Every structure is written in structure tokens, then in C-alpha cells.
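Colleague: I am new to this one. Could you walk me through how to read it?
Modeller: Gladly; let us look together.

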Amino acid sequence: METAALIVVLVIALALFFDFTNGFHDTANAMATPIATGALKPKTAVLLAAGLNLVGAFLSTEVSQTVSHGIIREEGLQDQASIFLPMIFAGLIGAITWNMLTWLLGLPSSSSHALFGGLIGATLVGVGVGGIDFGAVLSKIILPALIAPVTAGLIAFAATKIAYSITRRYDNKPDGRDGFRWGQIFTSSMVALAHGTNDAQKTMGVITLALITVGWQSRDQADPYLWVIIACAVTIALGTYLGGWRIIRTLGKGLTEVKPAQGFSAESSTAATILASSYFGFALSTTQVASGSVIGSGLGRRGSTVRWRTAGRIAIGWLLTLPAAGAVGAFAALLITWLGPWGIAIDTVLALGVIIGLFLRSRKDAVTHANAMSDVAESGLAVELPDTPPPTRRQQRIEQAKAEAKARAAAREKAKADAKKAADDRKKSSKGKSAKKDAAASTGEESK
């Protein structure tokens, strides 16, 4: 029992560290676009996101129940604590390793899928196929992963189109629709709040699963303990405050040049999708939703360009996240299966080595709030907005009408000039004939 208690402590510590990485990994979901458009200064944005993540963590436990009473079959867990606890530990190692690697690469991958992949991979090695509820994995994880980004992108596309169509009178403003900057403060706050209701719950679910496994919490109690909620809320808020500036840079300027109306639309779509998923208990990837919304808003603004190469890199990261984290989790679980307690010790040392190594590597080209948006860091904007936006269809019609009016005016002036010239020519011709007649008459008189 003492060994199990020690492993539970290790699992809780590792789960909270994962929660911390989840916070700084997903800060960009809420705050990349308001930082990009200048609606919020970088440090102000991450402070606001941290506070709202903290609040959001207390608002729902549906996603926590999906993790603790969903993907892993908890029947008989208390009889197999010596097996399941190390598997949870190994799964967390897989999730953290993938989170740190993608953070270093500035790739907005899914912390949620990293967690689920690690847990599934470790459970398959340690327990077998029977330890996974694949129906819950399909309905609560896989399907939302496929549907949510597309849905969020379509909503953001439509919202951007509507936003620009109903504010056409602002077409001639340099960056268009400045008022949306104020709206972004509200919508980005909603995304941060929604993130707390979804992502903080996953770590709560892992800790609750560990407590159920060792018999410190009843299987019939679905909700996590209050101290678990507080610990996870504070940890994810701290990670959010430190800010994942590498990923903020990718989402804020790597996918498309974000303008206020686009940012407002993308954040509204992201918040609505995440809140709806939290209500139904879907363990959604907020990163995928945010990325889909940004792409949809980029497609919705005329003249905007989506950097599909970057979008392709992100999509590849999405596809690799669950199997890659699962492979690392499975390897860590394999060491434990082969070596027992020594395997746990080796996993701990390897995990610390990977985390420290990736962190030290990141210091060689550090990205902070001061240089995340380096091209216009002083103003806090992520992109330089052009002095004149590309013409809308309405502007094109106006310019065409002006050109046609100018052409008609020029034609009238030319016709007047031609008529005047013709009149002058006739007058000159008439004067010439009159002069000849006078000369002829004068010559006749002289001869007489």
C-alpha cells in the first residue's frame, strides 16, 4: 500500500505538471488573435486568460467524468491498483513529452489528444485491449476531433462574412472595423473561460482516476474532490500566465493576417464550440477548434491569405498527436512491465531528461512577449496592417462607376473641343473666301 501511495503522489505531481504545460500550450487559443490585432497587449492578455481559466475550472466537471469514468474501464480498478497506477504514470509521460516537443516547434497541437493517446497507449501495454472503452473513445474523442474544427471554421467563415457585409460603410478605413477590437476583449475572455471549463477538467479526471484506482475515492462518486479542482485550476492558470509565446506567434501571424473583425468572429466561434462541447462532456481539443476558427475567418475576409503550408504542418501535428503520445506512453509502460519499480525510476529519469533538454534547447532561440510578434513588437500588433485594404466588391463597383463617369466626361469635353475646332475652321474658311473676294474686287477696280 505504501508503494501505491507513493505512485499516487507521483501521478498527482506529474498530472499537475501536465496541467501546467496544457496552460502555456493553449494560451494561444484565446489570446493569439487579440494580441495579433492589438486589442490587448501581450502581458495583459495572458493575465486575463489566466484569471478566466481559473474561474472556468470551477464551472463544470462533465469532461472530468469523461476521463475518470469514460475511456478507461474503471470496473475492478481497485483490484488492479498495482497495474493501473503505473500505467497512468506512463501515460502522463507520453502526454508531457509530446506537449513539450510541439511547444518547442511552435506547433499548436492538442494537449487533450496527447493525454488520451498517452493513457491509451500505456493501458494497452499494461492491461490490454479490455482496459479501453473504445465506444467512449470514438464518441467522446475521435468524432469531436473530426467534427469540431470543421464546424468552428464554418461558423467563423460565416461570421466573418456577416461582420464585413454589415459594416461596409467602414470600407475606406485603413484597417477596417476598429470597433471590433473592443468586442475581441469580450470574445477572447469567453474563449479563456471556456478553455478552463474543458481542459482543466482533463487533469482533474486523471487525478480522480488515480484516486479511484487506489481506493481513495469511490467509483460511484463522479465529481472530483474540491482540493483536486483547486489544484488543477491554479496550475493551469499559472501555465496560462507564463504564456506559450511560440504557439501564440504561430496562431497570431502564422496562419493568416488577422484583422479585428476576423479575430472577433474566430473567437466567438471558438468560445461557442468549446462551451457546447463542455456541456455535453466532449473532451474536445481547444487547439483544433481555435485553429479551425482562425482559418475560417481568414477565408471569410476578402483579400485575406491563408498560409496553407503552415495549416498543413498543424494538420499533420493533429494526426500524429494521439499515436505519437500513445507510442511514448506505451514505451514507458513497457519499461514498467519489464522492470517493475526500477522501470518507474527509469521513466522518471528519462522524462526529466527530456523535459530539461527540450527546455534548454528552447533557450537558444527564446520567444517571449517581447519578440513573439517581432515585426511590430513595440505596438503589440502581430501583423503590419496595410495602409489601404484590398478593395471590396462595393469599392470596385464605385471605382468602376467613377471611371465610367470620368470617361463620359472626357468624351463630352472631346466632343466640345471637336465642335469648337470645326466652328473655328469654318470661320477661318469663311474669312479666307471673303478676303479673296475683296482682293479680286479690288484688282478689278484698279484695272478699270
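Colleague: How many of the 16 residues of α5 are buried?
Modeller: First, some ground rules. This is a predicted model, in which local features need pLDDT of at least 70 and side-chain atom pairs count only at pLDDT 80 or more, while totals for chains, interfaces and linings use all residues. Residues are numbered from 1 along each chain as its sequence is written, and side-chain values use heavy atoms, leaving out hydrogens and water. Buried means under 20% relative accessible area, exposed over 50%, and partly exposed in between (1.4 Å probe, protein chains only). In α5, 13 of the 16 residues are buried, so the helix is mostly covered.

Colleague: What span should helix α5 have?
Modeller: The expected span is 1.5 Å times one less than the number of residues. For α5 (residues 111-126) that gives 22 Å, and the end C-alpha atoms are 22 Å apart, which agrees. Just after α5, Gly128 has a positive phi of about 110 degrees.

Colleague: Is Met204 buried or exposed?
Modeller: Met204 is buried, with a relative accessible area of 0%. This residue sits in helix α7 (residues 180-214). The C-alpha atoms of Met204 and Val228 are 6.2 Å apart, though 24 residues separate them along the chain.

Colleague: And Trp338: buried or exposed?
Modeller: Trp338, in helix α12, is exposed at 61% relative accessible area. Trp338 belongs to a nonpolar surface patch with Phe331, Leu339, Trp342, Ile346 and Leu350. Helices α12 (308-339) and α13 (341-363) each supply at least two of the patch residues.

Terms used. Helix = DSSP H or I, 4+ residues; strand = E, 2+ residues; numbered from the N terminus. Patch = residues over 30% accessible without salt bridge, like charges linked within 9 Å, V, L, I, M, F, W, Y side chains within 5 Å. Areas by Shrake-Rupley, 256 points an atom, 1.4 Å probe, with all protein chains shown as cover. Salt bridge = Lys/Arg side-chain N within 4 Å of Asp/Glu carboxyl O.
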